[in-house]
Amino acid sequence: MNLFDPDLYRKLRLPLDRAEGLPPACYTDATFHQRECEEIFNRGWVMVGRGEHAGQPGDYFTAEFGAARLIVLRDETGRLRAFGNSCRHRGTPLLEGQGHCRTIVCPYHAW
């Protein structure tokens, strides 16, 4: 089955009472996922969380989107900021989950 054949998706656009969903392979095929990321998700802004998850200065949460690991935190002025969640040298994740911090320190290097 060619997941990129437009004929495979014609029934998706029928009226709701006659429409069909995506073929099951669209949810598991790695090539389809890669194309979906390139053509849809990587072309613009994507919500990764809500502002209240980092409600106070120093609060943060982490998120993954595709290959990107992110830290979203509220800085000392109250502004939300996002950073790559990895050490520049070894790629070690800097923070996990959700919490509060005064500084971000690499757990591998301690800098």
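Me: How many salt bridges does a search of the whole structure find?

Reply: The search of the whole structure finds five salt bridges. A salt bridge here is a side-chain nitrogen of Lys or Arg within 4 Å of a carboxyl oxygen of Asp or Glu. Before we go on, please keep in mind that this is a predicted model, in which local features need pLDDT of at least 70 and side-chain atom pairs count only at pLDDT 80 or more, while totals for chains, interfaces and linings use all residues. Residues are numbered from 1 along each chain as its sequence is written, and side-chain values use heavy atoms, with hydrogens and water left out.

Me: What makes Lys11 and Glu20 a salt bridge?

Reply: The closest N and O atoms of Lys11 and Glu20 are 3.7 Å apart, and the cut-off is within 4 Å, so the pair counts.

Me: Why is Lys11 called partly exposed?

Reply: Buried means under 20% relative accessible area, exposed means over 50%, and partly exposed is in between (1.4 Å probe, protein chains only). Lys11 has 45% relative accessibility, so it counts as partly exposed.

Me: Why is Asp75 called buried?

Reply: Asp75 has a relative accessible area of 9%, so it falls in the buried class. Asp75 is found in the loop between strand S2 (68-74) and strand S3 (80-84). Helices (H or I, at least four residues) and strands (E, at least two) are DSSP runs, numbered from the N terminus.

Me: What makes Asp75 and Arg81 a polar contact as well as a salt bridge?

Reply: A polar contact is a pair of N or O atoms within 3.5 Å; within protein, one must be able to donate a hydrogen and the other to accept it, and residues adjacent in sequence count only if both atoms are side-chain atoms. The side chains of Asp75 and Arg81 are joined by a polar contact of 2.7 Å, and their salt bridge is also given as 2.7 Å, N to O. Arg81 is partly exposed because its relative accessible area is 35%. Asp75 also touches Pro57, leaving out residues up to four places away in sequence; contact means heavy atoms within 4.5 Å.

Me: Why is His109 called buried?

Reply: The relative accessible area of His109 is 18%, so His109 is buried. His109 sits in the segment after strand S4 (98-100), where its side chain makes a polar contact of 2.6 Å with the side chain of His89. Apart from neighbours within four places in sequence, His109 is in contact with Cys87, His89 and Arg90.

Me: What makes the phi of Ala110 worth a look?

Reply: Most residues other than glycine have a negative phi. Ala110 has a positive phi of about 65°, although it is not a glycine. Ala110 lies in the segment after S4 and is exposed because its relative accessible area is 62%.

Me: Which residues make up the largest nonpolar core?

Reply: Eight residues in all: Tyr60, Ile71, Leu73, Cys87, Leu94, Leu95, Cys101 and Cys106. A nonpolar core is a set of buried Ala, Val, Leu, Ile, Met, Phe, Trp, Tyr and Cys residues joined through side-chain atoms within 4.5 Å. Leaving aside residues up to four places away in sequence, Leu95 touches several residues, including Tyr60, Ile71 and Cys101.

Me: Finally, why is Asn42 called exposed?

Reply: Asn42 has a relative accessible area of 54%, so it counts as exposed. Asn42 lies in the loop between H1 and strand S1 (59-65). Not counting residues up to four places away in sequence, Asn42 touches Cys37 and Phe65. The C-alpha atoms of Asn42 and Arg74 are separated by 24 Å, with the two residues 32 residues apart along the chain.
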